[in-house]
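Please read the following points alongside the sequence and the model.

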Amino acid sequence: MLSTIGAWAEIIWLLTSKDRVKMVHEYHQALSVNAMRREGWFDYMRMPQTVEDLMDHFGYTDFPYLMKFLDAFVHDGILIRENGTYRTNGPIAEYPINPPDIFNAGILQVHADALNAVPNRLKGVYTTFSDEMNTFNWDDTLQLKMYDKIRKAAFRFTDALKRSGTFLDVGCGNGVGTAAIWGYYYKKGVFTSNNPVKIYGLEYDPNLMQIADAEFAISASRLLGVDRSVIDALKEHHPVFVQGNAEELPFEDEFFDMVYTSQVLHWCDAKKATQDILRVLKPGGLFFGTEAFYPILDPHIELFILLNEGAYGAIKKEDFFQWAKEAGASTAKSATPAGVFKVVKN
Ligand SMILES: C[S@@+](CC[C@H](N)C(=O)[O-])C[C@H]1O[C@@H](n2cnc3c(N)ncnc32)[C@H](O)[C@@H]1O
């Protein structure tokens, strides 16, 4: 109960303006509408068209992805679905783009660039995480306060800071979150104790992984407000960054005491990743983190996530818990719209 209240306390600022969730939705919706307007969708759908018409006319090959797009537009009342056809209810003007106040320049550019990749994706051409969605914009994006808050919420939801041993951050991106986690343990004096924590960061994207490795000491010193020499002196305790895939973790069975992941499962095959995370976890080990479980993940955000080869998209919490239990978890709990979760292995 206290852990749930703690997690809520971290994320409540995200919800303090009741318009914030709406603003995020309208911003992503405007990007989607403008992208498909440029593609010629709404002129073509002045007359009712079937999915097959759309696929033939635009040369699309990916039926499930097209259906997700159409469903999102129908849900928002932008398209009308009637007798197996889709049409507009009149001309559709360019939507105004109003960036939400919680976003920074990096994430705005990531989202804008991602939408340019949609026509190709509908033709079956995927992108990779930082291909269309430029690595350096992700580096900026991951500095956002919202990532910091949801990470803190995940730690408050669990007893992770009371544990020690080996710790893996799956999908650590530019490592700024890993550096923050290292800082939580540093503040507890763990690195000068007899029972330290050894942190590993695993990232799929080689550019982000290199940034994580190269900038760890700078990030840790900035986040902790301590001189760089203090961080350098603890070199043997610095995280080890590894390039790899969440679905096939390059670690032995039962190697980790804790595995953490934040906003990563929807980018990969979540079932395989869950199974492999449970494989590398020791009995009694803790798997925790954050995931925007279905239906919290905005459908328009899911559309840009699905641009990525191998992305699973929005995950149902019940499915996630089921996969974890089948892979050996004894308990699985979650809380808050940030989707903080904790899973303990038998
Ligand atoms: C939204 S970012 C979150 C980064 C970090 N966890 C944080 O909270 O700051 C998602 C990250 O997952 C990584 N990712 C995507 N697919 C992956 C996979 N199959 N295996 C490992 N990492 C993956 C991306 O490259 C990206 O760095």
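1. The side chains of D71 and R81 meet in a salt bridge with an N to O distance of 2.9 Å, a salt bridge being a side-chain nitrogen of Lys or Arg within 4 Å of a carboxyl oxygen of Asp or Glu. Because D71 lies in helix α5 (residues 63–75) and R81 in strand β1 (residues 80–82), the pair ties together parts that are 10 residues apart in sequence; helices (H or I, at least four residues) and strands (E, at least two) are DSSP runs, numbered from the N terminus. D71 is partly exposed, with a relative accessible area of 33%, and R81 also counts as partly exposed, at 39% relative accessibility. Here buried means under 20% relative accessible area, exposed over 50%, and partly exposed in between, with a 1.4 Å probe and protein chains only.

2. A word on the basis of these values. This is a predicted model, in which local features need pLDDT of at least 70 and side-chain atom pairs count only at pLDDT 80 or more, whereas totals for chains, interfaces and linings use all residues. Residues are numbered from 1 along each chain as its sequence is written, and side-chain values use heavy atoms, with hydrogens and water left out.

3. D253 forms a salt bridge with R279, and the closest N and O atoms of this pair are 2.7 Å apart. The two residues link distant parts of the chain, since D253 sits in the loop between β5 and β6 (256–262) and R279 in helix α13 (residues 270–280), 26 residues apart. D253 counts as exposed at 51% relative accessibility, while R279, at 26%, counts as partly exposed.

4. How many salt bridges does the rule give for the model? The count comes to 16, and one of them joins the side chains of K149 and E10 at 3.5 Å, N to O. This pair again links distant parts of the chain, with K149 in helix α9 (residues 145–156) and E10 in helix α1, 139 residues apart. Both K149 and E10 are buried, and together with R156 they are linked in a network of salt bridges. In general, side chains of opposite charge can pair when their charged atoms come close.

5. The sheet is open and has 7 strands in the order β5-β4-β3-β6-β7-β9-β8, with mixed pairing; two strands are taken to pair if DSSP finds at least two bridges between them. Its edge strands are β5 (240–243) and β8 (329–335), each of which pairs on one side only. From one strand to the next the twist averages 15°. Helix α11 (residues 206–224) lies across β4 (197–203) and β5, running at about 170° to β5, where axes are lines fitted to C-alpha atoms, for helices over the stretch in contact, and angles run from 0 to 180 degrees between N-to-C directions.

6. Strand β9 deserves a separate look. β7 (residues 281–290) and β9 (residues 340–345) run antiparallel and are joined by 5 bridges; G289 stands opposite F341, and L286 stands opposite V344. β8 and β9 are likewise antiparallel and are joined by 6 bridges, with T331 opposite V344 and S334 having F341 as its bridge partner. β8 and β9 form a hairpin with 4 residues between them, and T336 in the turn has a positive phi of about 65°.

7. On the surface, W8, I12, L15 and V21 form a nonpolar patch with about 340 Å² of accessible area together. Patches are made of residues with over 30% relative accessible area and no salt bridge, like charges being joined within 9 Å and nonpolar side chains (Val, Leu, Ile, Met, Phe, Trp, Tyr) within 5 Å, and accessible areas come from the Shrake-Rupley method with a 1.4 Å probe, where for residues only the protein chains shown count as cover. W8 belongs to helix α1 (residues 2–11) and is partly exposed, with a relative accessible area of 33%.

8. Leaving aside residues up to four places away in sequence, G173 touches L142, E203, L208, M209 and A212, contact meaning heavy atoms within 4.5 Å.
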